[in-house]
Amino acid sequence: MPSAKIYYDSDADLDLLKGKTIVFLGFGNQGAAQAQNLRDSGIPNESIIVANRQDSYAEDAKSRGFNVEHDFPKAAKVADVLFLLIPDQVQPRVFNEQFAPHIKDDAVIVIASGYNVFYKLLNFKPTQDVVMVAPRMIGSSVRSLYEKGKGFPCFVSVEQDGTGKGLSIALALSRAIGATKAGAIASSAREETAMDLFAEQALWPNIIMLFREAFQVLQEAGCSDEALCYEMWMSKEPAEIFERAAEEGFIQQLKHHSSVSQFGQLNGALKLDGSAIRNHFLEILHNQVLNGKFCQEFSKIESDLEKEGDENPLNDLYKRSEASELGQAEKRVRARLAGLL
Ligand code: NDP
């Protein structure tokens, strides 16, 4: 497979942002972090506007010295660059109704996640630039790493190059928020969405299922609820394993384990036949994620997620998941050890 291009500070020219009005729609997780980083990179405060409804997020932005605009069409009209940093599920409604009709024909729209662009849920004009600058970190880390003079992993792409200058502006914006310091990886909305939804709909469901089944088998073999919960996740051993995998290598981290453990894990994984799960993964990737089936189905139930009680499909999924042996046992253990946890 080809290696991805990686962009660094030296590939980006901050001067391209001179004189541009930069609007951040949203001052939450990513909005607050990226707006502060951008300002600390030398973009004048008077060139930055935070567009937010009148509430605690707006108060937070004001308390940090930002100019806040509550009237979205007004913010749209002056934006040369618009960072779309509100939750993905509300972006189509808010952008299409309150920004798209007013925003300049040559504006740059910045997304931090591929979903709405890959599934074509946002109405852009063909003359506009649409770029993705997608940190692979939560907002607080985007900010704290910047403050420490460090970079953070980030994906960058040009999804629509209306002005012909999409890449250079995407890189300038990436540098301004601190994303090219450690190297921003060239990606695409398709790649980002495919990996994100695949992890959510294929990889992690299988991990949840493996834990659920493992729990039950060991419980039936006489292991106590308390021992199982601690052994399997409450000791935080899995978290430590993943931390070491990130730092030292997915396979190499095994060297911290005993030789019995190393032998068991490596030999066991090599002996497993992955073909059945591979077919299942291919099915999810191609016939659920990339073909848009999930997006269509999810849009039908999306509004129900705001409902209370049984009418909310998530509540039902939680109820059924917690009915498993693992879920029930954990409840008992947490109640019993409440003071110790
Ligand atoms: P948040 O949930 O933190 O967004 C909160 C902000 O959105 C607030 O300013 C809030 O203001 C505003 N908002 C919420 N609902 C509405 C609405 N209906 N109308 C207008 N404004 C609204 O979002 P994130 O920062 O988590 O996510 C932003 C983008 O960044 C998404 O595309 C996400 O996928 C991406 N991303 C997120 C990461 C993360 O760590 N969370 C990591 C990488 C990318 P108010 O409620 O006052 O309107």
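This is a predicted model: local features need pLDDT of at least 70, side-chain atom pairs count only at pLDDT 80 or more; totals for chains, interfaces and linings use all residues.

Residues are numbered from 1 along each chain as its sequence is written, and side-chain values use heavy atoms, with hydrogens and water left out.

**The whole chain**

Begin with everything selected and coloured by secondary structure: the chain has 15 helices and nine strands, where helices (H or I, at least four residues) and strands (E, at least two) are DSSP runs numbered from the N terminus. Along the principal axes, the C-alpha atoms fill a box of roughly 70 × 45 × 45 Å. Of the 341 residues, 38% are buried; buried means under 20% relative accessible area, exposed over 50%, and partly exposed in between, with a 1.4 Å probe and protein chains only. For a sense of distance, select the C-alpha atoms of G42 and S324, which are 282 residues apart along the chain and separated by 53 Å. G42 sits in the loop between α1 (29-40) and β3, and its relative accessible area of 55% makes G42 exposed.

**A buried asparagine**

Select N52 next, in the loop between β3 (48-51) and α2 (56-63). Is N52 buried or exposed? Its relative accessibility is 8%, so N52 counts as buried. Show the side chain of N52 and you will find that it reaches the backbone nitrogen of F27 at 3.4 Å, and that it also makes a polar contact with the side chain of D55 at 3.4 Å. A polar contact is a pair of N or O atoms within 3.5 Å; within protein, one must be able to donate a hydrogen and the other to accept it, and residues adjacent in sequence count only if both atoms are side-chain atoms.

**Salt bridges**

The count comes to 16 salt bridges, each being a side-chain nitrogen of Lys or Arg within 4 Å of a carboxyl oxygen of Asp or Glu. Select E226 and R336, whose closest N and O atoms are 2.6 Å apart. Because E226 lies in helix α9 (residues 225-234) and R336 in helix α15 (residues 325-336), the pair ties together parts that are 110 residues apart in sequence. E226 is partly exposed at 24% relative accessibility, whereas R336 is exposed at 61%. Move on to K319 and D310, which meet in a salt bridge at 3.0 Å, N to O; K319 is exposed at 51%, and D310 is exposed at 63%.

**Two surface patches**

Patches are made of residues with over 30% relative accessible area and no salt bridge, like charges being joined within 9 Å and nonpolar side chains (Val, Leu, Ile, Met, Phe, Trp, Tyr) within 5 Å. Select E231, E237, E240, E243, E247 and E248 to see a patch of negative charge on the surface. Helix α10 (residues 237-248) gives the most to this patch, with five residues. Within helix α10 you will find E243, which is partly exposed at 49% relative accessibility.

Finish with L203, W204, F242, F250, I251 and L266, a nonpolar surface patch with about 620 Å² of accessible area together. One of its members, F250, lies in the loop between α10 and α11 (259-271) and is exposed, at 60% relative accessibility.

Note on methods. Accessible areas come from the Shrake-Rupley method with a 1.4 Å probe; for residues, only the protein chains shown count as cover. Lys and Arg count as positive and Asp and Glu as negative; His and the chain ends are not counted. The place of a charge is taken as NZ of Lys, CZ of Arg, CG of Asp or CD of Glu.
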